[in-house]
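Hi,

Here is the model I promised to send over. Have a look at it first, and then read my notes below.

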Amino acid sequence: MAKARMLHKKISISMQVNKLPLPTRLLFTWMIAHADDEGRLRGEPAYIKATVVPMTNWSLKKIDNYLRQIENV
């Protein structure tokens with residue numbers, strides 16, 4: 001797994017990304033840093049909570065909703 005990832009500035013003007021609500025965009029971009037070399041990441045809300053956003057007060061239900069929004073866009 002890579003130790004660091006660069007995020008291209010084009011993500012801020014992506015039509016797909018900007019269809020998402022702001023908290024979902026934040027989760028999406030933070031998940032990128034935790035993906036493996038193939039761009040994969042476990043998708044269980046509990047894993048995402050523990051790994052990507054442990055310092056938020058987001059419930060597992062809320063994270064599941066954000067993941068579904070990402071999937072739908």
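**What I found**

The protein chain has an accessible surface of about 5,500 Å², and 57% of that belongs to carbon and sulfur atoms (areas by the Shrake-Rupley method with a 1.4 Å probe; for residues, only the protein chains shown count as cover). Before you go further, note that this is a predicted model, where local features need pLDDT of at least 70 and side-chain atom pairs count only at pLDDT 80 or more, while totals for chains, interfaces and linings use all residues. Residues are numbered from 1 along each chain as its sequence is written, and side-chain values use heavy atoms, with hydrogens and water left out.

On to the fold. There are three helices and zero strands in the protein chain, in the order α-α-α from the N terminus (helices are DSSP runs of H or I with at least four residues, strands are runs of E with at least two, and both are numbered from the N terminus). The radius of gyration is 12 Å, close to the 11 Å that the globule rule gives for 73 residues, so the chain is as compact as a globular protein of that length (taken over C-alpha atoms; the rule is 2.2 Å times the number of residues to the power 0.38). Along the principal axes, the C-alpha atoms fill a box of roughly 30 × 30 × 20 Å.

Of the 73 residues, 26% count as buried (buried is under 20% relative accessible area, exposed over 50%, partly exposed in between, with a 1.4 Å probe and protein chains only). Among contacts with a separation of 6 or more, 46% are between residues 24 or more positions apart (contact means heavy atoms within 4.5 Å).

Now for the inside. The largest nonpolar core has eleven residues: Leu20, Leu27, Met31, Ile48, Val52, Val53, Trp58, Ile63, Tyr66, Leu67 and Ile70 (a core is a set of buried Ala, Val, Leu, Ile, Met, Phe, Trp, Tyr and Cys residues joined through side-chain atoms within 4.5 Å). H1 and helix H3 (60-72) are the elements that give two or more residues to this core, and H3 has the largest share of it, with four residues. In soluble globular proteins, nonpolar side chains tend to be buried together.

Leucine 27 is in contact with Ile48, Val52, Val53, Trp58, Ile63, Tyr66 and Leu67, leaving aside neighbours within four places in sequence. Tryptophan 58 sits in the loop between helix H2 (45-51) and H3, and at a relative accessible area of 12% it is buried. Not counting residues up to four places away in sequence, tryptophan 58 touches Pro23, Leu26, Leu27, Lys49, Val53, Ile63 and Tyr66.

Then there is helix H1 (residues 22-34), which holds phenylalanine 28 and also arginine 25. Phenylalanine 28 counts as partly exposed because its relative accessibility is 26%; arginine 25, at 24%, is partly exposed too. Again leaving aside neighbours within four places, phenylalanine 28 contacts Ile11, Val17 and Ile70, and arginine 25 contacts Val17, Asn18 and Leu20. From C-alpha to C-alpha, arginine 25 is 9.7 Å from glutamine 69, 44 residues apart in sequence.

Last, the charges: there are 12 positive and 6 negative side chains, and the centres of the two sets lie 10 Å apart (Lys and Arg are positive, Asp and Glu negative, with His and the chain ends not counted; the charge is placed at NZ of Lys, CZ of Arg, CG of Asp or CD of Glu).

Cheers
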